[in-house]
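Please open the structure in your viewer and keep the selection tool at hand. The stops below say what to select and what is there.

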Amino acid sequence: SPSGVVGVFKIPSTPDVQELSSGIVLDGISDPGNMGTLIRAAVAMNRTSVVVIGGVDPYNPKVVQASAGYIGCVKIFKLDWKTLLEVKKRQKLRLIALVPTGGKAPGHTSFKNSLLVVGNEAHGIANQWIAACDERLTLPMPGNTESLNAAIAGAIALYAAFGSR
């Protein structure tokens with residue numbers, strides 16, 4: 001149920017890609033709750049760049065609600081994959097794909113000047129996009145699960161990447 005607090009804000013214009021820095025890429029995230037949670041987790045880990053490639057509109061009311069209003073603390077870049085790769089090269093950023101298996105553990109990955117790529121809840125990150133990333137990251141799961149929810153996995157990976165620094 002709503003908290004009773006109402007806020008009105010102007011949807012900001014898309015920032016210049018020169019402002020893109022370490023943060024998170026949300027690739028086709030379709031659930032507003034997951035997107036809002038990932039935005040909130042990025043802010044908690046002091047990341048201000050959020051790249052949205054497809055998926056739900058980041059200014060959907062449910063995304064804003066799930067972000068607990070922290071959406072106002074990030075720069076939202078709505079890009080396509082080709083543009084992201086061009087910006088990555090120009091600005092010497094690294095892309096780290098969060099994959100369920102076959103990636104390095106967080107302790108064996110460098111997150112300096114990086115963007116963590118979190119894929120769609122049902123389909124993950126497209127194979128050709130994973131191939132274009134600089135590294136793959138897999139969260140060790142000693143329990144008996146196949147995978148985690150996109151928001152949970154992304155939040156844990158953000159913490160592993162930026163929270164303990």
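A disulfide is a pair of cysteine sulfur atoms within 2.5 Å, and a search of the whole structure finds zero of them. This is a predicted model, in which local features need pLDDT of at least 70 and side-chain atom pairs count only at pLDDT 80 or more, while totals for chains, interfaces and linings use all residues. Residues are numbered from 1 along each chain as its sequence is written, and side-chain values use heavy atoms, with hydrogens and water left out.

Select Cys133 first: it is buried, with a relative accessible area of 11% (buried means under 20%, exposed over 50% and partly exposed in between, with a 1.4 Å probe and protein chains only). Cys73, at 45%, counts as partly exposed.

Next, select Glu135, whose side chain meets that of Arg94 in a salt bridge at 2.3 Å, N to O (a side-chain nitrogen of Lys or Arg within 4 Å of a carboxyl oxygen of Asp or Glu). Arg94 lies in strand S4 (residues 94-98) and Glu135 in strand S6, so the pair ties together parts that are 41 residues apart in sequence; strands are DSSP runs of E with at least two residues, and helices are runs of H or I with at least four, numbered from the N terminus.

Finally, select Lys88 and Asp134, whose side chains meet in a salt bridge at 3.3 Å, N to O. Lys88 is buried, at 15%, and Asp134 is partly exposed, at 38%.
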